[in-house]
Amino acid sequence: MNNIAKYISELLYRYECVILPGFGAFLTRRQPATIQEGTASFHPPKKLISFNQQLKNNDGLLANYISSAENISYTDAVAKIQRYVLSLNEKMNQGQRVDMIKIGVFYTSVENTLQFEPLQEENYLTEAFGLSSFSSPVITREIEVQREVYKEEVETIEESTPITFTPEKRRERPYLQYAAVAAIVFGVVGIMGLKKFSDTTISYNNLELKKANQEIENKIQEATFEISNPLPAINLNLTKESASEAITNEELGKFYIVAGAYRVESNANKKVQKLKASGHINARVIGVNKYGLHQVAYENYTNKIEARKALSNIKSLENPTAWLLIRD
């Protein structure tokens, strides 16, 4: 029995991006609690699921999780994922709708494009565990109805038997006038306070939503994931002369072919060693970008045409996600 969908669902509770290698990535973003005034319903905060078909490279997260959960090797876990992806594609090519448990439904549109409908009932936000949506019942104000009934009865009595008040009688009960004025004042203040509270809640929710969207957008741009069981590190000792030569070469060229960017510096250094082992002897870390990520480059060039030719070869033979960085 293939439990890939179950494993992806479990990972979505802890991570904001889970990649199904060769198929795409499931992304989550936080949505704050909302109150719909029209229906008087409350919805707790939750994680909304989206799908990105462009992120297909294996980051090791899902494969390592399957390897640990089923006590199998990493290679067997990768093979199991590949069989699952092949099965998904075959079903959708036959026009079937693929239902991934607790995640959503995939299908192919008329234009032959992949479509995803997320499951709205599942909430992957652990902070909102136990919370559910509910609607407040409409409050019927019977007092207002009774006042109208009493008013009609009084008008009927006055038509048949007019009621007169002497000045002395009115002076005995002046507090009724003050009580009526006070009731009106309190009613107006209460309505204004309720409106202000509602406006404040809506403004706060909109601000939190903008912050959450911006945070998710930054994390998607970073596109960097840390593997729980990384490969053993390889330490290389550089001589003083070779380090100086690397700095000189970096100063000469301003066109860099970037292999990737990493939040953890040790992962960036491992990528450099891997590139050098594959034949890119000038590979190195070229600094930290504005997102705080350590960028790794295959090579740098002084000529833009040469840089583009080298980029084309790398993208076609090694890394289709490589890109060209130009520094002034």
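Q: What makes Glu148, Glu152, Glu153 and Glu155 a negative surface patch?
A: Glu148, Glu152, Glu153 and Glu155 form a negative surface patch. A patch takes residues with over 30% relative accessible area and no salt bridge, with like charges joined within 9 Å and nonpolar side chains (Val, Leu, Ile, Met, Phe, Trp, Tyr) within 5 Å. Asp and Glu count as negative, Lys and Arg as positive; His and the chain ends are not counted. The place of a Glu charge is taken as CD.

Q: What are the ground rules here?
A: This is a predicted model, in which local features need pLDDT of at least 70 and side-chain atom pairs count only at pLDDT 80 or more, while totals for chains, interfaces and linings use all residues. Residues are numbered from 1 along each chain as its sequence is written, and side-chain values use heavy atoms, with hydrogens and water left out.

Q: Why is glutamate 148 called partly exposed?
A: Its relative accessibility is 46%. Buried means under 20% relative accessible area, exposed over 50%, and partly exposed in between (1.4 Å probe, protein chains only). Glutamate 148 therefore counts as partly exposed. Its place is in helix 4, residues 142–160. Helices are DSSP runs (H or I, at least four residues), as are strands (E, at least two), numbered from the N terminus.

Q: How do you know that glutamate 10 and lysine 6 meet in a salt bridge?
A: The N to O distance is 2.7 Å. A salt bridge needs a side-chain nitrogen of Lys or Arg within 4 Å of a carboxyl oxygen of Asp or Glu. The pair meets in a salt bridge. Both residues lie in helix 1 (residues 4–12), 4 residues apart, about one turn of the helix.

Q: Why does the pair of lysine 80 and glutamate 70 tie together parts that are 10 residues apart in sequence?
A: Their side chains meet in a salt bridge at 2.5 Å, N to O. Lysine 80 lies in helix 3 (residues 74–93) and glutamate 70 in helix 2 (residues 61–70), so the pair ties those parts together.

Q: Is lysine 80 buried or exposed?
A: Lysine 80 has 11% relative accessibility, so it counts as buried. Glutamate 70, at 25%, is partly exposed.

Q: What makes the phi of lysine 102 worth a look?
A: Most residues other than glycine have a negative phi. Lysine 102 is not a glycine, yet has a positive phi of about 65 degrees. Its place is in the loop between strand 6 (98–100) and strand 7 (104–108).

Q: Why does asparagine 112 count as exposed?
A: Asparagine 112 has 62% relative accessibility, so it counts as exposed. Asparagine 112 lies in the loop between strand 7 and strand 8 (114–118).

Terms used. Areas by Shrake-Rupley, 256 points an atom, 1.4 Å probe, with all protein chains shown as cover.
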